[in-house]
Every structure is written in C-alpha cells, then in structure tokens.
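Colleague: Could you take a close look at a single part of this chain and describe how that part is placed within the whole? A connected account would be appreciated.

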Amino acid sequence: MMPHIIDELRRRGLLEQSTNLDELVANFSAPRVVYCGFDPTADSLHIGNVVPLLMLKRFQQFGHTPLVLVGGATGLIGDPSGKQNERTLNTEQTVAEWTAKIKQQVSAFVDFNATGNAAKVEKLPVGCSAATPFLQVCTRTAELLDTVVILIDNVDITRRVDRQA
C-alpha cells in the first residue's frame, strides 16, 4: 500500500506539527485539489519557489491535483523587491508572456498531462481594468510616503544627536 501524503511529508521533515493531525490525514485520504500562487512580476521563477513547487509535485504523486495560480494585478503593479527604485509598471501583454514562461518552468515539477490528476495553471484575472491604474498610483504614492518618512526620521535623529553632542 502506498504511504499517505502526510506520512511522506512528515518523513521528509516538511510537516512538523498540526493542530489536528488525524483530521488532516482524513482530509487528504481522498483526492484533493491543492494550490499555490505565484506572482508574474518577472519572466522567471526564483529559488524561493522551489519548496512550494516540490510540494505540488509530491501532492500530485500521491493522487492530488495541483492548481497553479498566477496572479494578474500583482504582475501589473510590479515587484517591490530591493526598494531602491520605483516599481516597474508592466503591461498586460508582458504579464501574459511571463505567465506562459512560468507555466513552462512549473511543468518541470508537475505534470499537466497526467491522467486523472493533471496539473492546471490558471491566470488570475487582472480584475477591473479601471482599478489597475489606481492601484499603480497608490503603490507608487505609498512608496514615496515611505521614503519621506525615512528622510524625516533621519533628520530627526540627526537633530537629536546634534543636541546631545
């Protein structure tokens, strides 16, 4: 008899504790859809995506169906990583191209052609297209405000140091 997915995850050290292990085992005794989301803020996944992708793979190997969700609006607003520069505002065409590349990369981990539990990839809708420019402006405004607060804090700290000297 094939081991249970929860037993496999525990054996690999990927599940340390659970509030109700018996209920978790019972829940995954029948095939389930498990999902993981990725934001298409670049044309490639990164090392931080490996563990979730391996988890999707394990679940598929145990008869569950992986559902890969690729964000819409997040890709348009851009990646705040580094915070050295403003976010790059991406076009819907760019995000669609990145989504296709991400699906190709994900296919190295999950099987989109499996019989009975083929993985699926879904591009989340961008949502109300009128809201996206608003979110892009809000995001840039918030980043600007963060910068202003940091500058004010630096000036305030300099004044305190000068007063104590």
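Modeller: Helices (H or I, at least four residues) and strands (E, at least two) are taken here as DSSP runs, numbered from the N terminus. With these terms, the order of elements along the sequence reads α-α-β-α-β-α-α-β-α, a total of six helices and three strands. The model is a predicted one.

The part I select is strand β2, which spans residues 65–70. Six of its six residues are buried, so the strand is mostly covered, where buried means under 20% relative accessible area. Its side chains divide between two directions: Thr65, Leu67 and Leu69 point one way, while Pro66, Val68 and Val70 point the other way. Residues of both sets are buried. For the chain as a whole, buried residues amount to 31% of the 165 residues.

The pairing of β2 comes next. Strand β1, residues 33–38, runs parallel to β2, and six bridges join the two.

Among contacts in the chain with a separation of 6 or more, 70% involve residues 24 or more positions apart. The chain exposes about 11000 Å², of which carbon and sulfur atoms supply 56%.

Methods: Residues numbered from 1 in each chain as written. Predicted model: local features only at pLDDT ≥ 70, side-chain atom pairs only at ≥ 80, totals over all residues. Heavy atoms only, no water. Buried < 20%, exposed > 50% of the residue type's maximum accessible area, 1.4 Å probe, protein only. Contact = heavy atoms within 4.5 Å. Areas by Shrake-Rupley, 256 points an atom, 1.4 Å probe, with all protein chains shown as cover. Pairing = 2+ DSSP bridges.
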